[in-house]
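Visitor: I'd like to learn how to read a model like this one, feature by feature. Could you walk me through it?

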Amino acid sequence: MAQVTLRRLVKEYEGGVQAVKGIDLEIADHEFVVLVGPSGCGKSTTLRMIAGLEDITGGEISIGGTVVNDIPPRDRDIAMVFQNYALYPHMTVFDNMAFGLTLRKFRKDEIQRRVMEAARILDITQLLDRKPKALSGGQRQRVAMGRAIVRDPKVFLFDEPLSNLDAKLRVQMRTEIKKVHQTVRTTTVYVTHDQVEAMTLADRVVVMNGGIIEQVGPPQELYHRPATRFVAGFIGSPAMNFIPARIEPASGALNLRLPGDILLPIPAERSDRYRAQGGREVLFGIRPEHLTETRQGRATYADLEVVPEVIEPMGMETLVHFHMDGTRDLCARLDPTIPAAPGQPLRLTADLANMHLLDPQSGRVL
Amino acid sequence: MASDATIAHAAPVIAPRATPPTTLQKMARRRSTIAFLLTLPLLAVIGGLVAWPAAYAIYLSTLNRRMTAFIGLENYAILLENDTFRMVIWQSCFFAITAVILKALIGFWLAHMLHHIPSKGQRVWRGMLLVPWVIPPALSTLGWWWMFEPSYSSINWLLAIFSVPPVPWLGEMWWARISVIIVNVWYGAPFFMIMYLAALKSVPDQLYEAADIDGATGWQRLRYVTLPMMRNIISITVLFSLIVTFANYDIVRVLTNGGPRDLTHVFASYAFQVGVLSGNIPRGAAVSLFMFPLLAVIAFFVLRGINERTKEIGA
Ligand SMILES: Nc1ncnc2c1ncn2[C@@H]1O[C@H](COP(=O)(O)OP(=O)(O)O)[C@@H](O)[C@H]1O
Ligand SMILES: [Mg+2]
């Protein structure tokens, strides 16, 4: 087991596409780190460079303190789980899992022991004699993980391992992966485009966008204290609402003026932070879960009236979609018992303790 | 695969009509009838070009030399007693097996080389390497004959530059046998190359990446990933080539004409020699029919293996 370090890592493909534009990342021993971001942002490229499947254009990768830039994949002591599993179709499940050990000349009984142990952890003991063709998607996924586990490598690499599974199985395998990591505690780098997967699995989430890292942090921190508009919009579902607004000083306090002459008082504990920004145009960011039916009881609550356009009852909650001048679709989450109908004006409460103000130009959170 | 299901559920072929259907229409509506009618041209071709000549050859082989009397299996018995024919059996097997192995190895090697050069240059090389296979073999064999021929042999001339004594390419038994194999390999290897190249391209890159990470060296990737993934295509090409090579006629006929002293004859050329040149058509037919059981046995086992593997890996 080992830590992984990326230093000023750059990847430029032939034809001049810069897929990774100089990223720095420290991954601690035993840590489960998830690289998340939209399709094409360079996650797979980064992972494949760690694996040694892509050449490194610039920078440095070290695993367990050794720089591995020029070490081929087979000598890096890593194991990888691919999106489409990449099981050897002509080998049985047992042979698929044993292959890496056989090549490394492990003793027969040791191979047997490790494969049986991994099969037990993954609950695939009864499948060991089958060929991959005779397995379901979820079972193939387990075998692919088994192949990684038996090796007991320094690092596990996962590239969107759950994307080919249906929604229900994906949730189940997600739990499974987390359980396996809690058992074997191997340093893990996991790539996904699904922020829910990232939030649920990760010790730390790395949000990537356009070949750079936007923010690194534990899931809760990314959720509560996003550093950029991209992270604020990417983490959380439904996504955060962004409303153009202006900070207006008003007799010692600050107000936020939204379109439609809505005036929200900025909470006192935030005032100092925004004092210097008086009169400035900003983006007001608030998550749907902090925009709810009217409530009382906290100083940070502020009411506003909207006209719902679409109501989506989800069972445990109701999503209300509306918009304001100059915004796209906005969303609020209501208790399902609250009556709401399209076209009927509705009073909402915004919890301003959880608001974010962003610079509309740079996208930085103020 | 899914495509089978689609065919099975295809919509009815003929739309319902208002008038009561005639017997003919009723028959035409039956799917099996239509299927039979549609395959009729093919059946006619197979019947006319395969079944009829084969049956006729079997009939011929049971006649006496002047084709006036039925003599049963006599022709076969005589052939098996005949030293020259025994040599032909041996030489046919030696020729076919050696040539097919060499073609498969060289074809695989060429395919592997091609697979690893960038796709732009690949097309040019592929085209050039296919040339031997495109030229009519009778013509190219004639070219080879010129190169082997003792008085003008360009190969011997080249060898002489390196002070190698002239080689009696077509004049001595083993050299003649080797020459025939060389020409056959030169002609047939491109077919293997093109089949193997297609097979190589169909192996998913991720399997190699998985093998890399599992710790495989280049040789082990070939041994444990490439070859197993190509086993079906290798079996089929080897079987196919074995049949064609066994039945090869033109190369032997043009290059050595069976000589020296009938030592390079294979089934087809010997059948021609016996049946047409020496005028014993029934015995010639018997010679050519000898190949059949041999090939049938090989084909049975190879095809069975392919079937089993296909079921297992779904390739
Ligand atoms: N082999 C390649 N050659 C050229 N460009 C590539 C190659 N692989 C990926 N790219 C480009 O690099 C960028 C990042 O790709 P990738 O790392 O696969 O993204 P992700 O996994 O985050 O979806 C994309 O713009 C993609 O088009
Ligand atoms: Mg990817």
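Guide: Let's start with one pair of residues: A79(A) has F156(A) as its bridge partner in β7(A). This is a predicted model, by the way.

Visitor: How many bridges join β6(A) to β7(A), and are the strands parallel or antiparallel?

Guide: There are 4 bridges between β6(A) and β7, which covers residues 155–159 of chain A, and the two strands run parallel. Helix α4(A) packs on the sheet here, where it touches β6 and β7 of chain A. The direction of α4(A) makes about 175° with that of β6(A).

Visitor: What is the strand order of the whole sheet?

Guide: Read across, it goes β6-β7-β8-β3-β9-β10 in chain A: 6 strands, an open sheet, with mixed pairing. At the edges you find β6 (78–81) and β10 (212–217) of chain A, each of which pairs on one side only. On average, neighbouring strands in this sheet are turned by 15° against each other, direction ignored.

Visitor: Let me pick a residue in there. Where is T188(A), and is T188(A) buried or exposed?

Guide: T188(A) belongs to strand β8, residues 187–192 of chain A. The cut-off for buried is under 20% relative accessible area, and T188(A) comes out at 0%, so it counts as buried.

Visitor: Which backbone oxygen does the side chain of T188(A) reach?

Guide: That of T186(A), at 2.8 Å. Leaving out residues up to four places away in sequence, T188(A) touches E31(A), F32(A), V33(A), F156(A), F158(A) and H181(A).

Visitor: What else is R151(A) in contact with, beyond its sequence neighbours?

Guide: Setting aside neighbours within four places in sequence, the contacts of R151(A) in chain A are D77(A), I78(A), A79(A), G100(A), L101(A), R104(A) and R114(A). From chain B, R151(A) also contacts I213(B) and D214(B).

Visitor: Now the ligand. Which residues surround ligand 1?

Guide: Around ligand 1 you'll find Y13(A), A19(A), P38(A), S39(A), G40(A), C41(A), G42(A), K43(A), S44(A) and T45(A). Next, look at the polar atoms. A polar backbone atom of C41(A) is 3.2 Å from an oxygen atom of ligand 1, and a backbone N or O atom of K43(A) lies 2.9 Å from a ligand oxygen. T45(A) uses its side chain instead: a polar atom there lies 2.4 Å from an oxygen atom of ligand 1.

Visitor: And how is chain A divided into domains?

Guide: The domain assignment gives domain 1 (4–227) and domain 2 (241–358). Their C-alpha centres are 40 Å apart. The contact between them takes 4 residues from domain 1 and 5 residues from domain 2 of chain A.

Visitor: What is the strand order of the antiparallel open sheet in chain A?

Guide: That one has 5 strands in the order β13-β12-β11-β14-β21. β13 (262–265) and β21 (356–358) stand at the edges with a single partner strand each, so one side of each has no neighbour in the sheet. Neighbouring strands here are turned by 40° against each other on average, direction ignored. Zoom in on β12, residues 253–258: β12(A) and β13(A) pair in the antiparallel sense over 4 bridges, with L256(A) opposite L264(A).

Visitor: What do β17(A) and β18(A) form?

Guide: A hairpin, with 4 residues between the strands. β17 (310–313) and β18 (318–322) of chain A are antiparallel, joined over 4 bridges, and I311(A) has V320(A) as its bridge partner. In the turn, check G315(A), which has a positive phi of about 100°.

Visitor: Last one, in chain B. Where is L239(B), and what does L239(B) touch?

Guide: L239(B) is in helix α11, residues 218–246 of chain B, and is buried at a relative accessible area of 10%. Not counting residues up to four places away in sequence, L239(B) touches I298(B), A299(B), V302(B) and L303(B).

Conventions:
Residues are numbered from 1 along each chain as its sequence is written. Chains are lettered from A and ligands numbered from 1 in the order in which they are written. This is a predicted model: local features need pLDDT of at least 70, side-chain atom pairs count only at pLDDT 80 or more; totals for chains, interfaces and linings use all residues. Side-chain values use heavy atoms; hydrogens and water are left out. Buried means under 20% relative accessible area, exposed over 50%, partly exposed in between (1.4 Å probe, protein chains only). A polar contact is a pair of N or O atoms within 3.5 Å; within protein, one must be able to donate a hydrogen and the other to accept it, and residues adjacent in sequence count only if both atoms are side-chain atoms. Contact means heavy atoms within 4.5 Å. Two strands pair if DSSP finds at least two bridges between them. Axes are lines fitted to C-alpha atoms, for helices over the stretch in contact, and angles run from 0 to 180 degrees between N-to-C directions. A residue is near a molecule or strand if one of its heavy atoms lies within 4 Å of it. Domain bounds come from an automatic or database domain assignment.
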